[in-house]
Amino acid sequence: MDTELKPLVGEQIWLSERPISFFGARLRARTTVVRLEGGQLWVHSPPSPTPAFQEQLAALGTVKWLVVPNRFHHLEMPAFRTAYPEATVVGPKSALARNPKLKIDKFLGEAGVTHPEELEALPIAGVPFLDETTFFHRPTATLIGCDMLICACVRDHWTWRYVAKLSGRYDKLGIPPEVWLMTRRRDETARAIDDILARPIQQLSVAHADLVVDRPREKLAAAWKFVLGKWTDGSVTKPPGT
Ligand SMILES: [Fe+2]
């Protein structure tokens, strides 16, 4: 079944995938669901709120938070918000200009915005084209991102495998080409990536790649090394957690 929620970590995190089309390439897009310590659900980049998906959510808990993680992953949010009117939608203000039906209750990155404590919000500053905030789930040491990294593999549709091979994103995590083109080396971006790398990341979940459990910090650092001038050889020189 499309969008079947599969457990990633015990009773805390579930992932689902659905096919999407992007300029002719068929990618997989992921939704991440976290059950908070209080039992409520946090839904990152939700899919269409089909009865089947809602039924799965109902079995896990009450939907409390809905997350638009960047300027691009908002298409299903208006319908999802209608299905869960009691939930709080968080996201970047910049996404509003791209979708007139979108409503956001709390803007990510603004001072004083409350958010579940166990999910630390870590914005990638200085990349307005993407305007993405990542989340570090402290109890499971999982970094939840969206388009910050991308990678195709054998499980993907041939159209995306083809594009990924041409662009060096096949079996190798990289920044989406359009994001890379629109990103300049900036101190604030280097600091933001540094800040993310300072977390003891054990696994990395992004929208368009398999779950990364093998050296996620090193792979993230290598992909973003062009904003991290000091890491010109792609190595991680900063010890974890410092
Ligand atoms: Fe995406």
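Predicted model: local features only at pLDDT ≥ 70, side-chain atom pairs only at ≥ 80, totals over all residues.

Colleague: Fine. How many helices and strands does the protein chain have?

Modeller: Six helices and eleven strands.

Colleague: What percentage of the residues count as buried?

Modeller: 41% of the 242. Buried means 20 or more other C-beta atoms within 10 Å of the residue's own, exposed means 12 or fewer, and partly exposed is in between, with C-beta atoms placed from the backbone.

Colleague: On to the sheets. What is the strand order in the open sheet of seven strands?

Modeller: E1-E2-E3-E4-E5-E6-E7, with mixed pairing. Strand E1 (6–9) and E7 are the edge strands, each pairing on one side only. For two strands to pair, DSSP has to find at least two bridges between them.

Colleague: How many bridges join E2 to E3?

Modeller: Ten, with strand E2 (residues 13–22) and E3 running antiparallel. Glu 17 stands opposite Arg 30 in E3.

Colleague: And is the pairing of E3 and E4 parallel or antiparallel?

Modeller: Antiparallel, over four bridges, with E3 covering residues 25–35. Arg 35 stands opposite Leu 41 in E4. Their hairpin has four residues between the strands, and Gly 39 takes a positive phi near 95 degrees there.

Colleague: Then how does the chain cross from E4 to E5?

Modeller: Through helix H1 (residues 51–60), in a right-handed β-α-β crossover. Right-handed here means that, with the strands pointing away from the viewer, the path from the first strand over the helix to the second runs clockwise. E4 and strand E5 (residues 62–67) pair in the parallel sense over five bridges, and Gln 40 stands opposite Thr 62 in E5. Strand E4 (residues 40–44) is mostly covered, with four of its five residues buried.

Colleague: What about the sheet of four strands, what order does it have?

Modeller: E8-E9-E10-E11, an open sheet with mixed pairing. Strand E8 (119–123) and E11 are at the edges with a single partner strand each, so one side of each has no neighbour in the sheet. E10 and E11 pair in the parallel sense over three bridges, and Gln 203 in E11 is the bridge partner of Thr 142.

Colleague: Now the inside. Which residues have the most contacts in the largest nonpolar core?

Modeller: Val 43, Leu 66, Leu 149, Val 206 and Trp 224, in a core of 60 residues. Such a core is a set of buried Ala, Val, Leu, Ile, Met, Phe, Trp, Tyr and Cys residues joined through C-beta atoms within 7 Å.

Colleague: What does Val 43 touch?

Modeller: Leaving out residues up to four places away in sequence, Val 43 touches Thr 31, Val 33, Val 63, Trp 65, Leu 66 and Val 67. Contact means C-beta atoms, placed from the backbone, within 7 Å.

Colleague: Is Ile 193 buried or exposed?

Modeller: Ile 193 is buried, because it has 25 C-beta neighbours inside 10 Å. Its place is in helix H5.

Colleague: And Glu 117, buried or exposed?

Modeller: Glu 117 is exposed, with 9 other C-beta atoms within 10 Å. Glu 117 is found in the loop between strand E7 (106–107) and E8.

Colleague: Last one: what covers the buried residues of H6?

Modeller: The cover includes strand E10 (142–144), helix H5 (187–197) and strand E11 (203–205). Six of the eight residues of helix H6 (residues 216–223) are buried.

Methods:
Residues numbered from 1 in each chain as written. Helix = DSSP H or I, 4+ residues; strand = E, 2+ residues; numbered from the N terminus. Contact = placed C-beta atoms within 7 Å.
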